[in-house]
Amino acid sequence: MLKCRTAWKKLAPLARASSTVCRQNVRRAGLNHGRLPAQIPVAHMSTGPAGGGRENQLYALLVGAVCLGGGIYAYRTIKGDQIRYQERIDDISTRHKVTTEQPDEPIEAEPPAVEATEPEAAPEPEPTPEPVAEPSSEPQAEPTPEEPSSPAPEAEAEAPSETTESAPEPLPPPEPSPAEPTELPPSEPVVESEPPAEAESPTAEPPEPQPEVVAESVEEITPAASKIPSHAPYLLIGGGTASFAAARSIRARDPGAKVLIVTDEPDLPYMRPPLSKELWFSDDPSVTETLRFKQWNGKERSIYFQPASFYIKPEELESAENGGVAVLTGKKVVHMDVRGNKVKLDDDSEISYNKCLIATGGVPRNLQVIERAGEEVMKRTTLFRKIDDFKSLDKVSRNIQSITIIGGGFLGSELACALGRRSNESGLEVIQMYPEKGNMGKVLPEYLSNWTTEKVKREGVKIISEALVKSVTCKDDKLEIRLKDGRVVKTDHIVAAVGLEPNVDLAKSAGLEVDSDFGGFRVNAELQARSNIWVAGDAACFYDIRLGRRRVEHHDHAVVSGRLAGENMTGANKPYWHQSMFWSDLGPDVGYEAIGIVDSSLPTVGVFAKATAKDTPKAATEKSGTGIRSESETEDTAVSPVASSTPAPAEEQHKDDYGKGVIFYLRDKVVVGIILWNVFNRMPIARKIIKDGEEHADLNEVAKLFNIHED
């Protein structure tokens, strides 16, 4: 009935049109025949039927053609409808088989099971030729909105009967499912569908387990990839002291700032000085694991600046409403696109930035004779710089008989004293050799260097001065160090403490200038290398507005330069006028703080006094409450310091006993550097003297400003 009614609706207009034509022809024929008797003679009436028959023939042909055309059209329409009807029935029967093969599974499982199948089923219907059947092959959520737009009206009548069989009730749950995956991981929603897919794993259908396995493998890879944000407003390259100081400064001036620190080390930002100082004097046997140490004043603290809870996860950085500091560990920046404001990591991922700080620090130098000596010698050589170096050297020193430290600078002398103390307990032989005549020979004046050398010897260290290494070989399970003067030193392990090479690997790709004299990235007084790139810490060769171009490798400089760079990254535009200090401790009893240019080749003037019990690094930490003395530093300069009223002694009471004192370093009769020997918490005074840049007729009077003659 439905087919006939549809055909009739299509043929009715043609039937009505043909009947109208017939009525019009009849009327015309009647009028013509009514007029002819009055105008044409009777003799001609015999020819009239011939003309009227021709018109009737044309009318008959017209009616026949219309009927024939209408029949053909009706036949084709009905035939086509039958074909489409059969295809629709076949499609419905196919869907019915799919639902019967999975009996009641979508109904019995929890709603998430239907959500999980929805994204996986999307690509499967692609081979189906008809677009109407394509989206309705699995969950049947799409056919209902698409069928009303179909030109065939009979599909509307057939669809309700089928949808009642394939259960339209589960259709509402798939609507929120696409939103869930996009909220948690920023990657593909397939990963989010894995937990619900576990409910479908017992199904016997073979194609389904394959997408589940893929989803699991994607989930294993995605977390590592998702930890790398694609953009960071503040990008800090390097995870040392300078980066942490910059991050803290940025957050102080911009509380909502989003800061990302990228470091190739596996550790969060930490302080390096305890690695060669306090950690070696700890009584805790698990100090290499806890990395907690007791300061000279007995207080305990961690080597890390902040615990892990202080930082936010890298993948949460972009969505953090109040910003924060995130640390991406174990990743190295290998390429820098200055024009594109982005960097490339060693895993080929990219991070764009608005402002960037380069604080890559430095790499410990090694002697060429050791590098050429072969793999076995390199295995027995430590280049001391990181936490792993401290852990490995601590382990090695407990299992060998002899260790040799090459280098007489800050690091070499500190490690020599630390290991020398251990030698008194374990019988470890500690040897320190250097090319200078005395310990710290490049920094301290000769008389003070000699005194320091004797102090290190009293710590149990064997000193070999004026030692130039010619070759290193491995023989009879021992390392033989042959010097140029013919002396041979046999040892089990070598610690090379011969300086630091600034890490400027990014200079080539970034197009940044490297200073030919001091090394490091060349920056201006605001520590800026480009309009949106700053450099701080050991890798920065900066312009000191008082002392000229410099590069400093000390903790306090990393703190000060990192803090200044962070301020300038937020728009402060401040020059580097603050003179950073550095310090070194030869155990808990002798220590010194220095500022400016301290070079033993410069003329020096030293003023000393007798030391008391409070003139030690231990006493200094007790007074300041911190083992990192630079943390008590401020940028405030000393204003009108009060000189000591106690007159300076005419002669030194103990000529060779340098208990405490002040050493001035001069250049063109102007003080450019100061060392405070066992004099602590006086750095603002020294900073003001260097900043003023004045000539002083009597430095003994200047020394009174430090109150070294007070008991």
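**View 1. Tryptophan 451 and tryptophan 677 are both buried.** Buried here is under 20% relative accessible area, with exposed over 50% and partly exposed in between (1.4 Å probe, protein chains only). This is a predicted model, where local features need pLDDT of at least 70 and side-chain atom pairs count only at pLDDT 80 or more, while totals for chains, interfaces and linings use all residues. Residues are numbered from 1 along each chain as its sequence is written, and side-chain values use heavy atoms, leaving out hydrogens and water. The ring centres of tryptophan 451 and tryptophan 677 sit 5.7 Å apart with the planes at 80 degrees, so this pair is edge-to-face. (Rings of Phe, Tyr and Trp, the last by its six-membered ring, pair if their centres lie within 6.5 Å; planes under 30 degrees apart are stacked, over 60 edge-to-face and the rest tilted.) Tryptophan 451 belongs to helix α18 (residues 446–458) and tryptophan 677 to strand β28 (residues 670–677), so to speak distant parts of the chain, 226 residues apart. Helices (H or I, at least four residues) and strands (E, at least two) are DSSP runs, numbered from the N terminus.

View 2. The structure holds 11 aromatic pairs. Tryptophan 280 comes from the loop between α12 (273–276) and α13 (287–290), and phenylalanine 390 from helix α16 (residues 387–397), 110 residues apart. Tryptophan 280 counts as buried because its relative accessibility is 6%; phenylalanine 390 does too, at 0%.

**View 3. Helix α11 packs on helix α20.** Look for residues 241–253 and 555–569: the angle is about 35 degrees, and the axes are 7 Å apart. Axes are lines fitted to C-alpha atoms, for helices over the stretch in contact, with angles from 0 to 180 degrees between N-to-C directions. On the α11 side the contact includes Ala242, Ala245 and Ile250, and on the α20 side Ala558, Val559 and Gly562 are among the residues. Contact means heavy atoms within 4.5 Å.

**View 4. Three strands make an open sheet.** The order is β19-β22-β23, with mixed pairing. Strands pair if DSSP finds at least two bridges between them. At the edges, β19 (521–522) and β23 (548–550) each pair on one side only. Strand β22 (residues 540–544) runs antiparallel to β23 over 3 bridges. Find tyrosine 543 and you'll see arginine 549 of β23 opposite.
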